[in-house]
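Visitor: Hello! I am new to reading protein structures. Could you walk me through this one, feature by feature?

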Amino acid sequence: MLKKFPNLCTPIKLAGVTFRNRIFSAPMGGTDITNDGCIGIKSTAFYELRAKGGAGAVTVSECMVHPETDGSHAYHLDEKILNSIASFAYTADAIRRHGAIPSLELSHSGMYAGTYMTDKEKQKSMCQWGPSNCTRPDGVEVRELTQEMIDEIVAAYGKVAGLAKRAGFEMLMIHGGHGWLINQFLSPYFNHRTDNYGGSIENRCRFAREVLQSVREAVGKDFPIEFRFSGSELFEGGYDLNEGIEIAKNLESYMDLLHVSAGTYQRGFGVTHPSMFKEHGCNVYLAAEIKKHVSVPVATIGGLNSPEQLEEIISSGKADVVEMARALLADPFLPRKVRENRDEDVVHCLRCFTCMAERAVTATRRCTVNPVIGRELEGVEIYPATEKKRVLVAGGGPGGLYAAYTAAKRGHKVVLCEKENVTGGILQSEQAIDFKYEMYKLGETYTKMALDAGVEIRLNTKVDAEYVKNENPDALIIAVGSRPFVPNIPGIDRDNVVIVNNYYKEKEKVQDEVIVLGGGIAGCECAIHLGKEGKKVTLIEMREELANDANKRYRPLLLEEVKKYADIHTGYMGTEIKANGIVCKDKDRNIKEFSGKTIICALGQRSRSEMVEELEGLAPYTAVIGDAVKVSTITQAVYLGYHAALDI
């Protein structure tokens, strides 16, 4: 078969081990980590799915090598811990049996030990160790590692590496980036030592060299070692790309693959994990430049999710391997689709940070566009139903589309009705906002999935009680979504008012001075978009804080952006809209007027509860999903839609 992406599909050999393609699954932390650091069965299934999907390698993250100085609640591989080696062996086997090479990331948090602990008070009371004495920005004291302790940690890397090999892992990634211990030694910002480990680049690389040598001695020469580091720390006081090149040259002979990431986690989360506000592949330039100066193969990473872009990176020589994390949650089967020339079927990552926020909040995983993530043990296959039924789905938003797709994959005869002339629901409103365009495209992807599965889609068709009775379905999935909340205030019906959901239809009405009324996610994102277009934007929010509906990881990045592009006023409620602005009052009922030629109303959504009441119970099986239940997220709509279809 002629390959559409021949370079991505070409195997690569590292230290005698052949990887089936150039797409590697980057490190992602597990969820059900046991109290003693073993890999839980849910995490084993989580990693296995990436292997089933066709990745060349799957890296399990993070295994902390020295618990005595790093109390992070992560994996610990120790033969003294009951079931420790067994849990790693089961995981390595689960990855390997699907043809992927199992890899384990070895790490030490250094002065940020305890970062992943749930007991934050205990975390702050721990003794934190780093290259130099200092006080962290959060006030925690850090003590300088002694030579004896450094030697002990170096030896621990080798010991754990040997155990990983014994457990069945066939590659190791040494984490030397993102502000953890090895990076702390490499960085002039963290490392102020005056001994052989500080000062010159040669000295700052010494700890990393000793670690890599220790690992090599433990695993032998025919065992791939991948070294992950930040090509540039990308903040004032850290090392830049020029120093990154020198670090790479200093260390390259001790590894088989140089993995070039970016930034420092504690000072640039949105750099290390590029958000939707950044270009895809925004960090690739670091790997491309470093590759010119080293002879070892180079891997790159950073917001990658397009097969076309991945192919170009390899074909143009910017890197030898491409690595992805979030993109392989959105679509674990992306590598297989690449191999099978089915790139049009890829479900793209939205870079919405649901996956990372969920881990921080509940210690589980979710993905906005993939309902099985974090629940892989419950089943990742859609099996045929024993009895084929007639299914009617009311509503063609993301939840309805995914429900229809799932039901059709089970063999049911599915009809989806959408009252508008196009599917996608609320996703349609994202098409006019440049950094949200992939969210709009998600509607098209889900529509294709549904059609390919055999769903009959009827547009311009509103489902009411009579329609359901005429169709007489065995199952009815109510996915009628929500409508924008429009306050009943004087002037709301003026020509200078645009409801945020309709912005994509009425862009030409928006003039150069804009007031965005409502500081939730939709209002903030619209304000950013308009500000980037050069418009003067005033953002007004009734509450004291913006974007309380945004997730924990996305919200800080969203707020950072909105401050660049909008004049923000919180604590104000709109009371009247005029031809040249809006009248507001604060909590003390003081009146203030804001001037603006266009008013964008972004005050949230309300469930279409009256439609639910009309339709509920009209079929033997009825399920209500998405915003029709309660205004929530795409994540919830897709998850409920998937399971509603499985329950038929």
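Guide: Gladly! Let us begin with burial: a residue counts as buried when its relative accessible area is under 20%. Please keep in mind that this is a predicted model.

Visitor: Is Cys417 buried or exposed?

Guide: Cys417 is buried, because its relative accessible area is 2%. Cys601 is buried too, with a value of 2%.

Visitor: How many disulfides are there?

Guide: First, the general idea. A disulfide is a covalent bond between the sulfur atoms of two cysteines. To count one here, the two sulfur atoms must lie within 2.5 Å. By that rule, the count is zero. Take Cys601: the closest cysteine sulfur belongs to Cys526 and is 11 Å away, so the pair is too far apart for a bond.

Visitor: Where is Cys9, and which residues does Cys9 touch?

Guide: Cys9 sits in helix H1, which covers residues 6–9. Its relative accessibility is 16%, so Cys9 counts as buried. Leaving aside residues up to four places away in sequence, Cys9 touches Lys3, Arg20, Asn21, Val338 and Arg339.

Visitor: Now a sheet, please. In what order do S6, S7 and S8 stand?

Guide: These three strands form an open sheet with mixed pairing, in the order S6-S8-S7. Strands S6 (128–130) and S7 (134–135) are at the edges with a single partner strand each, so one side of each has no neighbour in the sheet. S6 pairs with strand S8 (residues 141–144) in the parallel sense, over three bridges. Look for Trp129, whose bridge partner in S8 is Arg143.

Visitor: Which residues does UniProt give for the FAD/NAD(P)-binding domain?

Guide: The unreviewed UniProt entry places that domain at residues 390–614. In this model, the span is 29% helix and 27% strand, and its end C-alpha atoms lie 20 Å apart.

Notes. Residues are numbered from 1 along each chain as its sequence is written. This is a predicted model: local features need pLDDT of at least 70, side-chain atom pairs count only at pLDDT 80 or more; totals for chains, interfaces and linings use all residues. Side-chain values use heavy atoms; hydrogens and water are left out. Helices (H or I, at least four residues) and strands (E, at least two) are DSSP runs, numbered from the N terminus. Buried means under 20% relative accessible area, exposed over 50%, partly exposed in between (1.4 Å probe, protein chains only). Contact means heavy atoms within 4.5 Å. UniProt positions are given in the numbering used here, feature names are shortened, and annotations may be inferred rather than shown by experiment. Two strands pair if DSSP finds at least two bridges between them.
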